[in-house]
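Reader: I'd like to learn how to read a model like this one. Could you walk me through it, feature by feature?

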Amino acid sequence: ASQDDYTCPQDLSGARRDDAPKFSGSVGFNLDLPINDDLEFSLAGTSHFRTDYYLQSIPEAVTEQKGYAKFDLRAALASTKDQWEIALIGQNLTNKMTASL
């Protein structure tokens, strides 16, 4: 058989690769507030986001993950002498379900 006998069923020219959103990133903040000489309160938040992307190398609607943003938050109370800390941590606070992390 010659090379001309084999054909590709799809032309993927110009298509984005799998797991390659056009834009992705994260934005966050940290805030540390002294309460008194012995205690400190801290608050931190992060947003992770991605635009649409394909989960597999063939770009079909069934393999597309729609764009999303997930939000995490951490609030803590700690000793200013780094002796102890208690924290409340929440991940994916908007409960956004995705096919990947």
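This is a predicted model: local features need pLDDT of at least 70, side-chain atom pairs count only at pLDDT 80 or more; totals for chains, interfaces and linings use all residues.

Reader: How many helices and strands does the protein chain have?

Author: Helices (H or I, at least four residues) and strands (E, at least two) are DSSP runs, numbered from the N terminus. Here there are zero helices and six strands, giving the pattern β-β-β-β-β-β along the sequence.

Reader: Which strands does E2 join, and how do they run?

Author: Two strands count as paired if DSSP finds at least two bridges between them. E1 and E2 (residues 39-50) run antiparallel and are joined by 11 bridges, with a hairpin of four residues connecting them. Within this pair, Leu 31 stands opposite Leu 43. E2 is also antiparallel to E5, through 12 bridges; there, Thr 46 has Asp 72 as its bridge partner.

Reader: What share of the residues is buried?

Author: Buried means under 20% relative accessible area, exposed over 50%, and partly exposed in between (1.4 Å probe, protein chains only). Buried residues make up 15% of the 101 residues in the chain. The accessible surface (Shrake-Rupley method, 1.4 Å probe; for residues, only the protein chains shown count as cover) comes to about 7900 Å², and 53% of that belongs to carbon and sulfur atoms.

Reader: Where is Leu 73, and what is it in contact with?

Author: A contact means heavy atoms within 4.5 Å. Leu 73 sits in strand E5 (residues 68-79) and is partly exposed, with a relative accessible area of 36%. Leaving aside neighbours within four places in sequence, its contacts include Phe 29, Leu 43, Leu 88 and Leu 93. Gly 45 is 28 residues away along the chain, yet the C-alpha atoms of Leu 73 and Gly 45 are separated by 4.4 Å.

Reader: Which residues form the nonpolar patch?

Author: Patches are made of residues with over 30% relative accessible area and no salt bridge; like charges are joined within 9 Å, and nonpolar side chains (Val, Leu, Ile, Met, Phe, Trp, Tyr) within 5 Å. Phe 29, Leu 31, Leu 33, Phe 71, Leu 73 and Leu 93 make up this one, with about 520 Å² of accessible area together. E1 and E5 are the elements that give two or more residues to the patch, and E1 gives the most, with three.

Reader: How many salt bridges are there, and what do they tie together?

Author: A salt bridge is a side-chain nitrogen of Lys or Arg within 4 Å of a carboxyl oxygen of Asp or Glu. A search of the whole structure finds four. One of them pairs Arg 50 with Asp 19, their closest N and O atoms being 2.9 Å apart. Arg 50 lies in strand E2 and Asp 19 in the segment before E1, so this pair ties together parts that are 31 residues apart in sequence. Another joins Asp 38 to Lys 81, at 3.4 Å between the closest N and O atoms. Asp 38 is in the loop between E1 and E2 and Lys 81 in the loop between E5 and strand E6 (85-90), so parts 43 residues apart in sequence are tied together. Asp 38 is partly exposed, at 45% relative accessible area, whereas Lys 81 is exposed, at 53%.

Methods. Residues are numbered from 1 along each chain as its sequence is written. Side-chain values use heavy atoms; hydrogens and water are left out.
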